[in-house]
Amino acid sequence: MPSLDRAAIDSDADRVVRKLTRAGYKAYLVGGCVRDILVGKTPKDFDVATSATPNEIKSTFRNSRIIGRRFRLAHVFFGSKIIETSTFRANPRDEDDHDLLIRRDNVFGTETDDARRRDFTINGLFYDVEREEVIDHVAGLPDLDAKLIRTIGDPDVRFQEDPVRMLRAIKFAARLDFGFEPTTWRALLRWR
């Protein structure tokens with residue numbers, strides 16, 4: 001498993017994760033900040049995913065505010081800097097729901113659920129600051145090594161759920177100089 005340069009972690013993001021952990025919750029750095037540090041880029045922001053609910057986050061941090069309509073989360077403020085802190089989410093769609101477009105997203109879940117509902121494998125990585133290890137529930141590390149953009153789950157379904165994912169896929173491929181996993185690429189062309 002690749003090592004993550006601890007010096008690249010924002011000290012306030014590290015503080016948020018550690019304080020939530022000390023309060024008895026699971027908490028990790030998640031998504032783009034983990035991906036960017038692993039590929040040697042400077043993250044533009046740091047996000048935290050946790051088992052704490054938005055109200056529990058707010059009661060843990062006086063310097064926070066709950067935001068969001070579709071999905072409630074907390075912004076923890078450090079001056080002008082914001083550490084976005086969200087509760088682990090699950091897939092909001094019912095199994096028999098034939099409308100693939102996501103219209104609501106306020107379903108809490110486990111850390112594995114949260115990783116699986118993210119868009120691409122390279123964005124589904126978590127970092128445990130206490131144990132200093134990358135947690136990979138979605139095979140994102142092999143795709144990071146292979147420099148591939150791959151959806152988590154069926155790309156036809158994932159692009160129909162949220163068409164913006166297609167733009168994000170292209171953005172990540174261009175920014176990181178990555179290619180596309182063939183099934184993801186075919187679905188991207190099909191649904192563009």
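1. A few notes to go with the model, starting with terms: helices (H or I, at least four residues) and strands (E, at least two) are DSSP runs, numbered from the N terminus. This is a predicted model, in which local features need pLDDT of at least 70 and side-chain atom pairs count only at pLDDT 80 or more, while totals for chains, interfaces and linings use all residues. Residues are numbered from 1 along each chain as its sequence is written, and side-chain values use heavy atoms, with hydrogens and water left out.

2. Let me begin with the largest pocket, which holds about 760 Å³ of space. A pocket here is an open set of points on a 1 Å grid over the protein atoms alone, where a 1.4 Å probe fits, with protein on both sides within 12 Å along at least five of seven lines; lining residues have an atom within 4 Å of a point. The volume is the space filled by probe spheres set on the points, which are joined across faces, edges and corners.

3. What lines this pocket? There are 28 lining residues, and those nearest the centre are Asp47, Glu84, Arg118, Asp119 and Arg168. Two or more lining residues come from each of α2 (32-38), β2 (47-50), β5 (81-87) and α7 (164-176), with α7 giving the largest share, six residues. By class, 17 of the lining residues are charged, seven nonpolar and four polar. In this scheme Asp, Glu, Lys and Arg count as charged; Ala, Val, Leu, Ile, Met, Phe, Trp, Tyr, Cys and Pro as nonpolar; and the others, Gly among them, as polar.

4. Arg165, Met166, Ala169, Phe172, Ala173 and Leu176 are its buried residues, buried meaning under 20% relative accessible area, exposed over 50%, and partly exposed in between (1.4 Å probe, protein chains only). Seen down the axis of α7, these buried residues fall within an arc of 125°, so they line one face of the helix; the arc is that of the directions from the helix axis to the C-beta atoms. Leu167 and Ala174, on the other side of α7, are exposed.

5. The buried residues of α7 pack against α2, β8 (148-149), α6 (155-161), β9 (179-180) and α8 (182-191), where contact means heavy atoms within 4.5 Å. In α6 sits Phe159, which is buried, with a relative accessible area of 1%. Beyond neighbours within four places in sequence, the contacts of Phe159 include Arg165, Met166 and Trp191.

6. Helix α1 (residues 11-22) has buried residues too, among them Val16, Val17 and Leu20. The buried residues of α1 pack against β1 (27-30), β2, α3 (54-60), β4 (73-78) and β5.

7. Asp114, in helix α4 (residues 111-116), may be worth a look: at 0% relative accessibility, Asp114 counts as buried. Leaving aside neighbours within four places in sequence, Asp114 is in contact with Ala49, Thr87, Phe88, Arg89 and Phe126.

8. Finally, the backbone. Most residues other than glycine have a negative phi. Glu132, in the loop between β6 (125-128) and β7 (133-136), has a positive phi of about 55°. Ala139, in the loop between β7 and α5 (140-146), has a positive phi of about 60°. Asp177, which follows α7, also has a positive phi, near 60°.
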